[in-house]
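Trainee: Could you take me through one chain of this model in some detail? I would like to follow its helices, and then a couple of single residues.

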Amino acid sequence: MSSIAALAQGLGITLKALFSKPVTIPYPDAPVALKPRFHGRHVLTRHPNGLEKCIGCSLCAAACPAYAIYVEAAENDPAHPVSAGERYASVYEINMLRCIFCGLCEEACPTGAVVMGYDFELADYRYSDFVYGKGDMLVDVQGSKPQRREAQYTGQDIKKGYALPYVRPELEGVQPPLLKKPRQVAPKPQADDEHSGH
Amino acid sequence: MKPLCCAEGRGLKAESYSLLSRPLLFALGSLPFLGLGMAQNASAPDNTTDPLWMVGIKAFLVVFGLLTAFAYMTLIERRLLARIQIRQGPNRVGPDGLLQPVADAIKSILKEDIVPKAADKVVFWLAPMISVTFALLTFGLIPFGPKHAFFGFDPWLINLDVGILYVFAVSEIAVYGIFLAGWASNSKYSLLGSLRSSAALISYELALGMSLLAPVVLVGSLNLQAIVEWQNTNGWLILYLLPAFALFVIAGMAEAARTPFDLPEAEQELVGGYNTEYSSIKWALFQMAEYIHLITASALIPTIFLGGWRMPGFLTAIPFIGGFFALPYLWMFAKIALFLFFFIWVRGTFFRLRYDQLMRFGWGRLLPMALGWFLIVAAVVAFKMPLAVLGWLSALALIVFSVYVVMGARSSQPARRVVRPGVGD
């Protein structure tokens, strides 16, 4: 007859749950709390002096298991170099429909040029719109193609549906929205140093 | 009816004699579901009844109110269940999801209405109508306040001397809706669902009626207003008839096909129960009937056991609160809301009983307990013992039950650890 006590216990548990805060994140209204190593849309980073890190070596394309990356390299003009090396990527395209967001391109990159970013709202209508070129992935570009198109249409800022506790240092120059207050107690408040990366 | 007569013979209060003069004849002479029409003749003898146009307005209000309450009960229930499951629930339509019932209504009306080819068309159409009509018929009986409290008119629709009988007769006919739906669908799943649900409903109807015999015998009247009045003079019936109250709440849950007993629409095991073949607005009508049964049950329980529309007696002694919060509607709505919340809470907590468990619980536990308690009450009434005896018996039942539960919990706790070591949990 402990079953009746168990029934009462069950009622107590649900009553406690009734007055607890829902765990649901109302995503389009409130930002999703991403992990700092989330694999989102790729970012082509730059050196602090403004030169692109990518040297057009195609190692990322070789490492890509989904054959999603296409790179064409060209010689740098010594007077006005695009990248920090001898060559630069004149064409750098990633097909976001093929990409499996595994991050092997980032692992393969010798200069740390291609880094997995945070944008994940990539849904679009046309096949051609899923092929992201340099102009869609360089650090100064905000958001994904459909987001930018919508921002242009409405005249409003790109609304990013995520927030982060901190940004990992590989994503040089990327400034995503940060969480006001980290959910769990962070080991250190300024966790954006070297040891937080790899 | 034999014990009823004895109890009536005892005649608790002078006023109840006049109320008792007619109910037996009335119950025999009229089919209870004709009650709407008969209501005018059957009012309490000491006063006039409302004019017919006012009855019409009130009937409209009751139906309108019940349908609105049904619509928003679905929203409230979904929100509360969601919060119990630490979710948020529907909050997209309108401000904070408040227009969700409107969207649901539009959706269910505009959906394609499919009638199976082999179905019995007439009965197939008739079944949801029967269900919802006889669900709606009961609520007009509930008194919401003293006489002339509704703009000078009576805050109830019908005042029947056979009130409780009428409630049972009408709510029992709702089983026809379920059964006809299953039969007319010409589908084995529907038929199975309707068979087991009508069997379950009829089984629990016994315990339901038996548990209500106790208050009827004690009060000496089937009239709901007489019961409320009796509670005003003698105190709430829950104080005297706690076991009957508990049994009635449980059986009422089964009667409204709520979760521990919701075999009629056990969608995980039957395809959908008796309404498998139904879609669109006809399906919505069945849902409507179920929720209206629930609302009626949670209005009937406080009317019979918790003092009806009156505020708790001890509150009237407090000067400010007693004067200000004595509004009858307020207390009735508060009590209905309380029980609706309780039913949702139970639904969010418990799992469904298996069919054999359901039957064993209904016939093996509820019915004997209701019968036993009824015999005790009948004995107390027959031997003209004071009311306090019943109060003490109720308290004793509560104590025995609590001790039983606590002892059971204590004795089983170590056993669970010893018997199953390393089984992994």
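Mentor: Gladly, and let's stay with chain B. Of its 425 residues, 42% count as buried. Please keep in mind that this is a predicted model. Chain B holds 18 helices and 0 strands. Among its contacts with a separation of 6 or more, 79% join residues 24 or more positions apart.

Let's begin with helix 5 of chain B, residues 52-84. Its 33 residues should span 48 Å at 1.5 Å a residue, and the end C-alpha atoms lie 46 Å apart, so the two values agree. Along helix 5 of chain B, the buried residues include B:Val62, B:Leu66, B:Phe70 and B:Met73, and also B:Leu75 and B:Ile84. After helix 5 of chain B comes B:Ile86, with a positive phi near 55 degrees.

Helix 9 of chain B is mostly covered, with 23 of its 32 residues buried. Just after this helix, B:Gly220 has a positive phi of about 85 degrees.

Now for a pair of helices. Helix 8 (residues 163-184) and helix 13 (residues 280-305) of chain B pack at an angle of about 160 degrees, and their axes are 12 Å apart. An angle over 145 degrees counts as roughly antiparallel, and helix 8 and helix 13 of chain B are therefore roughly antiparallel to each other. Their crossing is left-handed. From helix 8 of chain B, the contact draws on B:Val167, B:Ser171, B:Ala174 and B:Gly177, while helix 13 of chain B brings B:Ala289, B:His293 and B:Leu300. Sorted by class, that contact has 4 nonpolar and 3 polar residues, with no charged ones.

On to the single residues. B:Ala251 sits in helix 12 of chain B, residues 242-255. With 26 C-beta neighbours inside 10 Å, B:Ala251 counts as buried, because the cut-off is 20 or more. Apart from its neighbours within four places in sequence, B:Ala251 is in contact with B:Tyr204, B:Ala207, B:Leu208, B:Ser211 and B:Leu366. B:Pro215 lies 36 residues from B:Ala251 in sequence, and their C-alpha atoms are 15 Å apart.

B:Leu390 belongs to helix 18 of chain B. It is buried as well, with 22 other C-beta atoms within 10 Å. Setting aside residues up to four places away in sequence, B:Leu390 touches B:Tyr240, B:Leu241, B:Val377 and B:Val380. The C-alpha atoms of B:Leu390 and B:Val377 are separated by 7.2 Å, with the two residues 13 apart along the chain.

Helix 18 also leads us to the neighbouring chain. The contact between the chains takes 15 residues from chain B and 16 residues from chain A. On the side of chain B that touches chain A, helix 5, helix 16 (328-349) and helix 18 (387-419) each supply at least two residues. Helix 18 of chain B gives the most, with 5 residues. By class, this side of chain B divides into 8 nonpolar, 5 polar and 2 charged residues.

Key
Residues are numbered from 1 along each chain as its sequence is written. Chains are lettered from A and ligands numbered from 1 in the order in which they are written. This is a predicted model: local features need pLDDT of at least 70, side-chain atom pairs count only at pLDDT 80 or more; totals for chains, interfaces and linings use all residues. Two residues are in contact if their C-beta atoms, placed from the backbone, lie within 7 Å. Helices (H or I, at least four residues) and strands (E, at least two) are DSSP runs, numbered from the N terminus. Ala, Val, Leu, Ile, Met, Phe, Trp, Tyr, Cys and Pro count as nonpolar, Asp, Glu, Lys and Arg as charged, and the others, Gly among them, as polar. A residue is buried if 20 or more other C-beta atoms lie within 10 Å of its own, exposed if 12 or fewer, and partly exposed in between; C-beta atoms are placed from the backbone. Axes are lines fitted to C-alpha atoms, for helices over the stretch in contact, and angles run from 0 to 180 degrees between N-to-C directions. Angles under 35 degrees count as roughly parallel, over 145 as roughly antiparallel, 65 to 115 as roughly perpendicular and the rest as oblique. A crossing is left-handed if the near helix is turned anticlockwise from the far one by less than a right angle, and right-handed if clockwise. The expected span of a helix is 1.5 Å times one less than its number of residues.
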